[in-house]
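Hi,

Here's the structure I promised to send over. Have a look at it first, and then read on for what turned up.

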Amino acid sequence: LQALEDHYSPSRWSPRLDRDTIIDAHLAVTAAGTERARASAQTLLHVPYGNGDGERLDIYFPTDPSETFPALVYIHGGYWQCLSKDDSGFAAPPLVSQGVALVAVGYDIAPKGHMDTMVLQVRRSLVFLVERYPRIRGIYLCGHSAGAHLAAMVLSTDWTEFQVVPDIKGAVLVSGLYDLEPILHTYVNDALNMSREVAQRNSPVRRVTPAEPAACEVLVAVAQHDSPEFRRQSQEYGQALRAAGWSVSLLDLAGVDHFDIIERLSEDSYVLTQV
């Protein structure tokens, strides 16, 4: 059990910093990056996409918006129980300079938010964007860690009940979790309080749908210094998508860990930013 806890504690696997300082460093880097992005981009902050307190999003508009523009929808990590959209704008500067909007989605984290609720909120945020911002042409999802899980759950959505089908052209899933069952017996589930049924229902690897003819491209990215379990989960989810006919690339990034793999999206020259 202790081994399982270790495998699902990303902060233990980085060679850069020890596990007590790496989380604080991550918070500091993403907060500072978001502050820079807000100072330099045209933004609409705390836009409500629903009635709940947590149902808000931040939009960072392109520097020279054309008639229509693509949007990267960013879903933050934090093991479904910390972080927020307020520190999730750090990837905006390179994107807005290239004519792409960044939308940082907030959702009700645990213990307030139940896993089913968070999944539904992220889906509804996309419906809102499509209905409210017709100038957005083409949505690209990007999620980190728990956010990659939520983005993957979006890929398995049956949109008929929403009466809107977002035009999702791509998904970049970074250091994610795609099978929630292993974490049922770890500290991660203390705040989430998931039953086995909830974990199974919300495991993207069990929810892979056959690819639509015009299905989006999926990039599954994992860090060299992610734990073996995170690396295994990325590989297995990528294989499951591929088996169902999806267009998938698996990117194994050298020299980064669970945290700087996403932090570096603030850099123009970083390989993931370029992709």
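How many bridges join S3 to strand S4, and do they run parallel or antiparallel? The two run parallel, with 5 bridges joining S3 to S4 (residues 101–105). Bear in mind throughout that this is a predicted model.

If you want a spot to look at on that side, pick Ile75: its bridge partner in S4 is Val105. S3 also pairs with strand S5 (residues 136–144), again in the parallel sense, over 6 bridges. There, Tyr74 stands opposite Cys142 in S5. As for S3 itself (residues 69–75), 6 of its 7 residues are buried, so the strand is largely enclosed by the rest of the structure.

On annotation, UniProt has an unreviewed entry that lists residues 57–155 as "domain: BD-FAE-like". In the model, that span is 33% helix and 26% strand, and its end C-alpha atoms lie 20 Å apart.

Now the charged pairs. Searching the whole structure gives 19 salt bridges. A few to click through:

- Arg16 and Asp260: the closest N and O atoms are 3.5 Å apart. Arg16 sits in the loop between helix H1 (2–7) and helix H2 (19–40), while Asp260 belongs to helix H9 (residues 260–263), so this pair ties together parts that are 244 residues apart in sequence. Arg16 is partly exposed, at 40% relative accessibility, whereas Asp260 comes out at 9% and counts as buried.

- Glu229 and Arg232: their side chains meet in a salt bridge at 2.8 Å, N to O. Both are in helix H8 (residues 228–243), and being 3 residues apart puts about one helical turn between them. Glu229 is buried, with a relative accessible area of 15%; Arg232 is partly exposed, with 27%.

- Lys169 and Asp167: here the closest N and O atoms are 3.0 Å apart. Lys169 is partly exposed, with a relative accessible area of 40%, and Asp167 also counts as partly exposed, at 40% relative accessibility.

There's a network to look at as well: salt bridges link Arg38, Asp58, Lys85 and Asp86.

Cheers

How values were computed
Residues numbered from 1 in each chain as written. Predicted model: local features only at pLDDT ≥ 70, side-chain atom pairs only at ≥ 80, totals over all residues. Heavy atoms only, no water. Salt bridge = Lys/Arg side-chain N within 4 Å of Asp/Glu carboxyl O. Helix = DSSP H or I, 4+ residues; strand = E, 2+ residues; numbered from the N terminus. Buried < 20%, exposed > 50% of the residue type's maximum accessible area, 1.4 Å probe, protein only. UniProt positions renumbered as here; feature names shortened; annotations may be inferred. Pairing = 2+ DSSP bridges.
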